[in-house]
Amino acid sequence: MSTQFDSVAAVLAAVGQALGSTEWLDIDQQRIQQFADATGDHQWIHVDPERAAQGPFGACVAHGYLTLALANFFLPQLVSYQRLKMGVNYGCEKVRFPSPVKVGARVRGRGEVVAAEPIKGDGVQVTVRISVEIEGQDKPGCVVDTISRLYFE
C-alpha cells in the first residue's frame, strides 16, 4: 500500500519519512534479454548463461540500468499523490550499484523521502530515495535519489 500525499505542505512535512517496501519481483533471464534487446546492450555477462556461469558472478546479471529502471516501476507502488494537477520526473542524483543482481534473484523497492522544497508556481520538488533490495543480500542492487516536481490543486 502506497503512502499518499495531497498537498505541497504534506510533502514538505514528509522529509525523513520511510515509505516502506514493495512486493518482491523476480528477475528472470527473459526480463534481462528484453532489456538487452531494447538497449542494444548484449554483453555476454547479461545474455549468455553458459559463458556467464564461468564469469565473475557465476551467472548472468541484470544490467545496472535495468536495475535503475526498476525505480520507475517501484516508485508509484511506494507513493501516490491525491489532488495532483501535474507531476514530472525531474531527474536523478547519486545513482549507485552496490551489488550485482543475478538472474533468478528477487528484488523489491524500499523508499524514503530525503528532501523536499517549495518551487516556483506553488509546487514542490521532492527527492525520494529508492533502494532496490536483493532478497538475502546485505547490499542493494541500486540506490537512486529520484527527483519529482509536483503541482497540486
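1. Start with strands S6 and S7, which pair in the antiparallel sense over 12 bridges. Keep in mind that this is a predicted model. One of the pairings to look for is Pro118, whose bridge partner in S7 is Val124. The hairpin these strands form has 3 residues between them, and Gly121 takes a positive phi near 85 degrees there.

2. Now follow S6 to its other partners. Strand S2 (residues 18–21) runs antiparallel to S6 (residues 106–119), and 3 bridges join them. Ala18, for example, has Glu112 as its bridge partner in S6. Strand S3 (residues 25–26) also runs antiparallel to S6, joined to it by 2 bridges. Here you can find Leu25 with its partner Val107.

3. Next, have a look at the loop between strand S7 (123–134) and strand S8 (142–152), where Gly136 is found. Is Gly136 buried or exposed? Gly136 is exposed, because its relative accessible area is 76% and exposed means over 50%.

4. Finally, turn to the largest pocket, with a volume of about 260 Å³. Its lining is made of 16 residues, and Asn72, Leu75, Asn89, Thr146 and Ser148 lie nearest the centre. Two or more lining residues come from each of helix H5 (64–78), strand S4 (79–81), strand S5 (84–96) and S8. Which element gives the most to this lining? That is S5, with 6 residues. By class, the lining has 10 nonpolar and 6 polar residues, and no charged ones.

Definitions and conventions. Residues numbered from 1 in each chain as written. Predicted model: local features only at pLDDT ≥ 70, side-chain atom pairs only at ≥ 80, totals over all residues. Heavy atoms only, no water. Helix = DSSP H or I, 4+ residues; strand = E, 2+ residues; numbered from the N terminus. Buried < 20%, exposed > 50% of the residue type's maximum accessible area, 1.4 Å probe, protein only. 1 Å grid on protein atoms, 1.4 Å probe; cavity = no way out; pocket = protein on both sides within 12 Å on 5 of 7 lines; lining within 4 Å. Points joined across faces, edges and corners; volume = space filled by probe spheres on them. Nonpolar A, V, L, I, M, F, W, Y, C, P; charged D, E, K, R; others polar. Pairing = 2+ DSSP bridges.
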